[in-house]
Amino acid sequence: MEPVVSVHGLRKRYGQVDAVAGIDLEIERGEIFAFLGPNGAGKTTTVEILEGFRTRTAGEVTVLGVDPANGDADWRNRVGAVLQESNAEPGLSVRESLQLYSGYYREPRDIDETIALVGLEEKADTSGTQLSGGQRRRLDAALALIGDPELIFLDEPTTGFDPSARRTAWHVIEGLRQLGKTVFLTTHYMDEAEELADRIAVIAGGRIVAEGTPGTLGGRNSMASTIRFTLPVGTGTDDLPTELRALLANEDGRVTLTTQTPLVHVGALAQWALARGIDLPDLDVRRPTLEDVYLELTEEPA
Amino acid sequence: MKTPAARGPLALILHQSRYDLLGILRNRQARFFTLILPLLFLIIFVGIFGNHVVPPGVKLSTYYVPGLSALAVIASSFVNLVISITAQREGGILKRRRATPVPAWVLIAGRTLTAVTVSLVVVAVLITFGRFVYGVSVRVSALPGVAFTAVVGSITFCVLGYALSTAISNEDAAQPMVQAIMLPLYFISGVFIANSQIPSWLRHIAQVFPVYHLADGLRSAFDPTGHGVGIVWSDIGVLAIWAAIGLAVALTRFSWLPKTASA
């Protein structure tokens, strides 16, 4: 099947700088795709080209089979966009804003159903300008969904949210998956990408530096895990079996071992500790987080 | 039921205009400056300068109504439009609307229709109030001419508003900018002060700008010695030239995206 978004060699030059320096992307139908990157990495420029708001310097781009630079009303009927920052429609309630936008489409979704989808039933008759930040973003999502698009762009949908508002927003985005929508999500929150995305691409300095699933991004699945624990008084790292001493990465009050085979080494550690009759109450085993991978990938060259 | 988009461009323009109108009516500042202030000025002017009979035998208020009608058209078309369009552009509202299938020209036509509607209503209120409270002389046969001039003036000032908005980078600057442009023009263009009191060199300057011609065109219908439908074609012509200039600027420079956009 034809990909929903297909990008080859996309380049955008501002003056002497390539904000986007030749990227390739492919997004399949029904996928939730997260586009990660630090501020100024080229995320928003890329999204705005895909949304048809900016022209490109070079490269091939199709979105739902159409070049967004020539996107007409038929194409816009099939694409929804939640922009990074947009105020409420002045003077209109939540329901009136949706009535205004539903009039733009030939076959819009039901207004009350869409209000329920984003969980704003209680606020349907409240003026959009009186909503909280999180509620306003949910209104934005509703406005993008009212046309029943196949593809939805979400540009940093939870920036500035408190934790509970983020959970609610994630719930709404999960709901889009149930509806079979394709979602192009940009974010700089790792946990958000990990929670929601089927696939992630990381952009830094205008280039894609890694692409994969949340589990495999940047070789995360083959990166070393860490085992950390504190030894009781009177026991030193010299007392550890040789096999574990070889993994010693850090010994600053708390002992840190790094290993490719965490199960084997936790087993060895447990045997040794049990044989000596000591407990390791703060033992933890940690895979590298997506954040670790991301920070490594997007680190500015010194 | 079919949506406005499915019923065609005209239905879509009316749809857009209706919600733009709601936005204006629910904005306290817009309500005061466009709907109330022109009438308030009329009451104040009569209060200060009186309403005695002046040559050629009309109440003095007959001179205030056309000037304040021009003010009302400009307030609802130019002042209000520049402020709201700038705020909507910087707030990402125009961009969000452009992300939908609605054509750009429909958004512009809808917003313009709203301004024309508000202009006509406020002018009608001024004339009716003036006629029945202050005994303003109105030639009924010239009322279609007043309406026509008000519509042309409103469209001209909307276009000029779109043009000016391209030079304003944020909404805080919009209000002082439009007032700085309009206040001096109001004083020299026969809106607040009768043209006969203004030195000719100043009047010649005023005649370059559209405010003078809107006020002059509206005034013809209140001239008891006048005749015909009350359209002054020379004034309409100058308004049309300004509209063309505004259109050229707006078409080349208008942007739907915030000026303060991030890369």
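Which helix of chain B holds B:Pro184? The answer is helix 8 (residues 171-188) of chain B. The legends below describe a predicted model, in which local features need pLDDT of at least 70, side-chain atom pairs count only at pLDDT 80 or more, and totals for chains, interfaces and linings use all residues. Residues are numbered from 1 along each chain as its sequence is written, and chains are lettered from A and ligands numbered from 1 in the order in which they are written.

**View 1. B:Pro184 in helix 8 of chain B.** Helices (H or I, at least four residues) and strands (E, at least two) are DSSP runs, numbered from the N terminus. B:Pro184 counts as partly exposed because 14 C-beta neighbours lie inside 10 Å. On this scale, a residue is buried with 20 or more other C-beta atoms within 10 Å of its own, exposed with 12 or fewer, and partly exposed in between; C-beta atoms are placed from the backbone. B:His52 is 132 residues away along the chain, and its C-alpha is 27 Å from that of B:Pro184.

**View 2. B:Val208 in a loop of chain B.** The loop runs between helix 9 (200-206) and helix 10 (210-219) of chain B. B:Val208 has 10 other C-beta atoms within 10 Å, so this residue is exposed. B:Ser137 lies 71 residues from B:Val208 in sequence and 29 Å from it in space, C-alpha to C-alpha.

**View 3. Helix 6 (residues 104-134) of chain B.** This helix has 31 residues. Its first and last C-alpha atoms are 44 Å apart, close to the 45 Å expected at 1.5 Å a residue. The expected span is 1.5 Å times one less than the number of residues. B:Gly135 follows the helix, with a positive phi near 70°.

**View 4. The side of chain A that touches chain B.** Here 29 residues of chain A are in contact with 24 residues of chain B. Contact means C-beta atoms, placed from the backbone, within 7 Å. Helix 1 (43-50), helix 2 (73-76) and helix 3 of chain A each supply at least two residues of this side. Helix 3 of chain A gives the most, with four residues.

**View 5. The open six-stranded sheet of chain A.** The strand order is 5-6-7-3-8-9, with mixed pairing. Two strands pair if DSSP finds at least two bridges between them. Strand 5 (79-82) and strand 9 (207-212) of chain A stand at the edges with a single partner strand each, so one side of each has no neighbour in the sheet. The twist averages 15° from one strand to the next. Strand 3 (residues 32-36) and strand 7 (residues 182-187) of chain A pair in the parallel sense over five bridges. A:Phe33 stands opposite A:Phe184 in strand 7 of chain A.

**View 6. The hairpin of strand 1 and strand 2 of chain A.** Strand 1 and strand 2 (residues 17-27) of chain A pair in the antiparallel sense over eight bridges. A:Leu10 has A:Ile23 in strand 2 of chain A as its bridge partner. Two residues lie between the strands, and A:Gly15 takes a positive phi near 65°. Strand 1 (residues 5-14) of chain A is also joined by five bridges to strand 4 (residues 58-63) of chain A, running antiparallel. A:His8 stands opposite A:Glu60 in strand 4 of chain A.

Notes:
Contact = placed C-beta atoms within 7 Å. Axes fitted to C-alpha atoms, helices over the stretch in contact; angles between N-to-C directions.
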